[in-house]
Structure formats: structure tokens, C-alpha cells
Amino acid sequence: MAAQDETGAPTPGFELTEHTADVGVRAWGPRREDVFAEAARGMLTLVCDPATVAARERYELAVEAPDECLLLAAWLNELLYFVEGRGVVFSGDFELRLAASEPAAGVGAQRELRAHAGGEPRDPARHAVRGAVKAATLHRLSFEAVPGEGWEGRVLLDV
């Protein structure tokens, strides 16, 4: 399923798949954080070529959701907010931290993702837009352990 390094350990990665009017992203890695980073890298390749983006600035992002499936969609949608709403492009350089928050009265525990993402303001002379991603959808959204390989997430992107 996933590629392996020279020791036989799974290496993080992603693949894009076509799905009617959407694009699917399958991301994997030995750690949960790898899935979030790889899904973001996959999605961002649809927006512009990450090789043209320098990590000149660090952007702080934070999202919460009741489980890791919804957290994956929230994370990708937060990145899209920065891309579309703030004119930022990302290099794919992410530092991620996952945690569970303490439950509040009447509310269950939340999963949290805190990230620092490398990127810069979009410069039309250097960052050609490949296409628009409208949103990460909840259709066929998944996040699960894969025995012997680590973790895998799947999300459909509305393009």
C-alpha cells in the first residue's frame, strides 16, 4: 500500500484520484500527523506548484473537531481559507501537533490540531494558479489505522 524506506518502515505520501466533479486525496504515514501533512500537500498541489513557494513566513493555524475525520476536513478547509481569503500560498513545510482537549460541561472531548505552516503571500508573477479548490467535503471522509503501515486518511475535494 504505502512506500517503504530502506529499513522497511512506511514512508508518508499522498495520491490524487478523480471522482466525478471532485478530486480525492488519499494520504498515509506512520504517524497521525503525517496524514494531515500529506493530505494538505496533496490538496495544495491542485492550487499552485509548491516548488515555486518559499517558506518566507510562518503561519499559525488551529482547528478543533470531535474526531480525526472531521479534524482532517477542518484542517484542509482552514488552509483553503488562508489561500482564498488571505492570498497565502504554502510550501508544504508543516509542523503539526495533535492533541485532545479536556471535555467541557455537557460537551465531549475535542481533537485539536495546531500547526505552523511555511508559505508566503501569493505573487502572480511566481505563483501560477493551477485551479480552485472550493472545500474539503464530508462525503466518503475517513481516517483510520492501517495494520502494519500506520494511518490513512481519505477526503474528497470540491473543485
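Predicted model: local features only at pLDDT ≥ 70, side-chain atom pairs only at ≥ 80, totals over all residues.

Following the chain along its sequence, we read the pattern β-β-α-β-α-β-β-β-β-β, which amounts to two helices and eight strands, where helices (H or I, at least four residues) and strands (E, at least two) are DSSP runs numbered from the N terminus. Residues are numbered from 1 along each chain as its sequence is written, and side-chain values use heavy atoms, with hydrogens and water left out.

Of the 159 residues, 47% count as buried, that is, under 20% relative accessible area with a 1.4 Å probe and protein chains only, with exposed being over 50% and partly exposed in between. Among contacts (heavy atoms within 4.5 Å) between residues at least 6 apart in sequence, 66% join residues at least 24 apart.

Let me turn to helix α2, which spans residues 68–86 and includes E68. E68 counts as buried because its relative accessibility is 14%, and, if we set aside neighbours within four places in sequence, E68 is in contact with R32, F36, L98, R111 and F143.

L80 is also found in helix α2, and here the relative accessibility is 4%, so L80 counts as buried. Leaving aside neighbours within four places, the contacts of L80 are M43, G85, V133, K134, A135 and A136; of these, A136 lies 56 residues from L80 in sequence, with a C-alpha to C-alpha distance of 8.8 Å.

Which residues line the largest cavity? They are L44, V47, C48, P50, V83, V89 and F90, and both α1 (32–47) and β4 (88–100) supply at least two residues of that lining. A cavity here is a set of points, on a 1 Å grid over the protein atoms alone, where a 1.4 Å probe fits but cannot get out, and lining residues have an atom within 4 Å of a point.

Methods
1 Å grid on protein atoms, 1.4 Å probe; cavity = no way out; pocket = protein on both sides within 12 Å on 5 of 7 lines; lining within 4 Å.
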